[in-house]
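Trainee: Can you walk me through this one? I have it open and will ask as we go.

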Amino acid sequence: MAKKVLIVYAHQSSGSFDTAAKDAVVDILTAQGCTVEVSDLYAMAFKAAATAKDVKGNLKSAENFCYLDESKLSWEQGNLSDEITKEQSKLAEADLVIFQFPMYWFGVPGILKGWFDRVLTNGFDFSQDEPYCLETLKDKKAMLSLTTGCRTAMFCIDGDMTVTLWPLQNGVLHYCGFQVLAPQVFWAPDFASEEDRWNMLAGWRTRLQGLLEEEPLSFTPLDRFDKTSQLKPDVHEKRARK
């Protein structure tokens, strides 16, 4: 069966390298028979702030408003804003989700952070009672595709990309149950020569040819931890030996 792909795209310029990377996904995966849909957050004027306005019905507690609780209740009652439910419907149908964005301050642009805050609703995408275990997204793959504002050498001073992306890849995507593919990092395209930019895109297009068959990253299963969220002694010992 043809796969459905959702690109959550967060860049304001149609002439950006991020746009070229996004367009490559559309071209390659469409040619493979996939149905590709793009949520262009800036074009949609997507609201970044998670507020009480996301709830169409009455609030459980207006005076002590808690977005986590109110959005869950609203989702259960079918009272979330149309903007959120449309994105959740896209998520529910997608087999693969690609987040394309420029890295801002070692994280995502505010508009994409707002998408995570509002669309990944307690109860729909994740459960505090069953972290990493909710069924909604477990058979779906997701990945980060991003551009940086600094070169690889400079980033070695600033930190490690694996560590930098850990909150997103583990704390957001894996926590919600996604099978997380290795990220695609385009290093400082603004500082690269035209030839190097073309080479970056060529490498991305090559990867896209086999992207749907890639194995996801490995994360330590929840059952390897004890009740205090520490690795169990036998697991720790095995890892230490390796």
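Trainee: In what order do the elements run from the N terminus on?

Mentor: The order is β-α-β-α-α-β-α-β-α-α-β-β-α-α. Helices (H or I, at least four residues) and strands (E, at least two) are DSSP runs, numbered from the N terminus. This is a predicted model, in which local features need pLDDT of at least 70 and side-chain atom pairs count only at pLDDT 80 or more, while totals for chains, interfaces and linings use all residues. Residues are numbered from 1 along each chain as its sequence is written, and side-chain values use heavy atoms, with hydrogens and water left out.

Trainee: How many helices and strands is that?

Mentor: The protein has eight helices and six strands.

Trainee: Next, the inside. Which residues have the most contacts inside the largest nonpolar core?

Mentor: Phe99, Leu112 and Trp115, in a core of 34 residues. Such a core is a set of buried Ala, Val, Leu, Ile, Met, Phe, Trp, Tyr and Cys residues joined through side-chain atoms within 4.5 Å. Buried means under 20% relative accessible area, exposed over 50%, and partly exposed in between (1.4 Å probe, protein chains only).

Trainee: Which elements each supply at least two residues of this core?

Mentor: β1 (4–9), β3 (96–102), α4 (110–119), β4 (141–147) and α6 (161–174). Apart from this core lies another, of 21 residues, among them Tyr9, Leu96, Met200 and Leu211.

Trainee: And what does tryptophan 115 touch?

Mentor: Not counting residues up to four places away in sequence, Trp115 touches Val8, Leu41, Phe46, Glu87, Leu91, Phe99 and Leu120. Contact means heavy atoms within 4.5 Å.

Trainee: Glutamine 169, then: buried or exposed?

Mentor: Glutamine 169 counts as buried because its relative accessibility is 7%. Its place is in helix α6. Leaving aside neighbours within four places in sequence, glutamine 169 is in contact with Leu144, His174, Val180, Leu181, Pro183, Leu217 and Phe219.

Trainee: How far apart in space are aspartate 139 and lysine 56?

Mentor: They are 30 Å apart, C-alpha to C-alpha, and 83 residues apart in sequence.
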